[in-house]
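Subject: Structure handover and notes

Dear colleague,

Please find below the structure that I promised to pass on to you. My notes come after it, so that you can check each point with the model open.

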Amino acid sequence: MLRADQVAEFQRFADFRHWICSTFVPLECAPITTDPFSGSVARWVLGDLQVSRVAADPHLAARTKRLISARDEDYFKVGLVTHGACRLSQGGKEITLFPGDLAIYDCRRPYTMAFDDWFDMSFLMFPCQRLRLPPAAIDRALATRVSSSECTGSLVVPFLARLIDNLQDSAQDVNSRLADNLLDLLATLFGERTGGQPTDPAAVRRSLLVRVQAWVEANLGEPDLSPEIIARANHVSVRYLHRLFHDEGTSVARWVRERRLDNCRRDLTDPAHRDRGVVAIARRWGFDDPAYFSKIFKASYGEPPGAYRVRWLPMPGH
């Protein structure tokens, strides 16, 4: 992560502009206030997918014809707003994105982004050929607002948020399979909105898996989360459900257990949950048997949950 407040005040925006252009593609950038500037840029690479997070004060950014002609970049970008707002313009369309909204845009064409206040956004950047949709469908999808309240949008946003949380958490092992799944889900999302179907049958199957996993994530607190219940809620057979997870090298039960354990581990080390007991955290994520929870937590992380918490949760004032 690069932070503008770590350099001299007169140099902050120049450094921030350099970081943005190095992280993404060459852009024209300008501040829109005379106030001291602050901002940060974080970047991770998963195969040919780049995941980034930018938080900064108000400014403008533009991908111009001159910059495109000097250095063509064959990338799509997807931006998701966490805080603040973003005005995005491309191809004669202008939209405003608010927290929970996302949009896709094309680095091979001019675009502008305006931030009138402090903002926090997450970005995905990937080669255009990775989004396996018909070109006409992609053209219709560019610079259109997708809300997290929409059906598939409600799956993409938490999935992306979890991916970034895992990338920021050095205890998590994140591989390019998550990136592939996310691109499949995006292809399904934009395909549904534009009437174009993904061109790769395997991508459709993987997208279904991500949908199922997102549904499970939203229901991890339910103790009775059996394959039968999961399959019925997602309109697939139990046999096909098992096949989806088997093809990913895991099982339904194992995946559910690992996701519950990871959420428990995260809560146990989160100062915001310091006053919540170990048993309460376990029950929050679907473990209604404290002895069983303690046993499998120790098997996964090497020590009981209470001891793990003492070792990893900072004491107040430290």
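Predicted model: local features only at pLDDT ≥ 70, side-chain atom pairs only at ≥ 80, totals over all residues.

Residues are numbered from 1 along each chain as its sequence is written, and side-chain values use heavy atoms, with hydrogens and water left out.

A search of the whole structure finds 17 salt bridges, each being a side-chain nitrogen of Lys or Arg within 4 Å of a carboxyl oxygen of Asp or Glu. In one of them, Arg130 pairs with Asp48, with the closest N and O atoms 2.3 Å apart; this pair links distant parts of the chain, 82 residues apart, with Arg130 in the loop between β11 and α3 and Asp48 in the loop between β3 and β4. Helices (H or I, at least four residues) and strands (E, at least two) are DSSP runs, numbered from the N terminus. Another salt bridge joins Arg284 to Asp267 at 2.5 Å, and because Arg284 lies in helix α10 and Asp267 in helix α9, the pair ties together parts that are 17 residues apart in sequence. Asp267 is buried at 6% relative accessibility, whereas Arg284, at 34%, is partly exposed (buried means under 20% relative accessible area, exposed over 50%, partly exposed in between, with a 1.4 Å probe and protein chains only).

Arg309, in helix α12 (residues 305–312), is buried yet has no salt bridge, the nearest side chain of opposite charge being that of Asp275, 7.5 Å away; Lys and Arg count as positive and Asp and Glu as negative, with His and the chain ends not counted. The side chain of Arg309 does reach the backbone oxygen of His273, at 2.6 Å.

In helix α8 (residues 238–246), Leu241, Leu244 and Phe245 are buried, while the face turned away from them carries the exposed residues Arg239, Arg243 and His246.

Finally, the structure holds zero disulfides, a disulfide being a pair of cysteine sulfur atoms within 2.5 Å; for Cys29, the nearest cysteine sulfur is that of Cys21, 5.0 Å away.

Best wishes

Note on methods: Polar contact = N/O pair within 3.5 Å; in protein donor to acceptor, adjacent residues only side chain to side chain.
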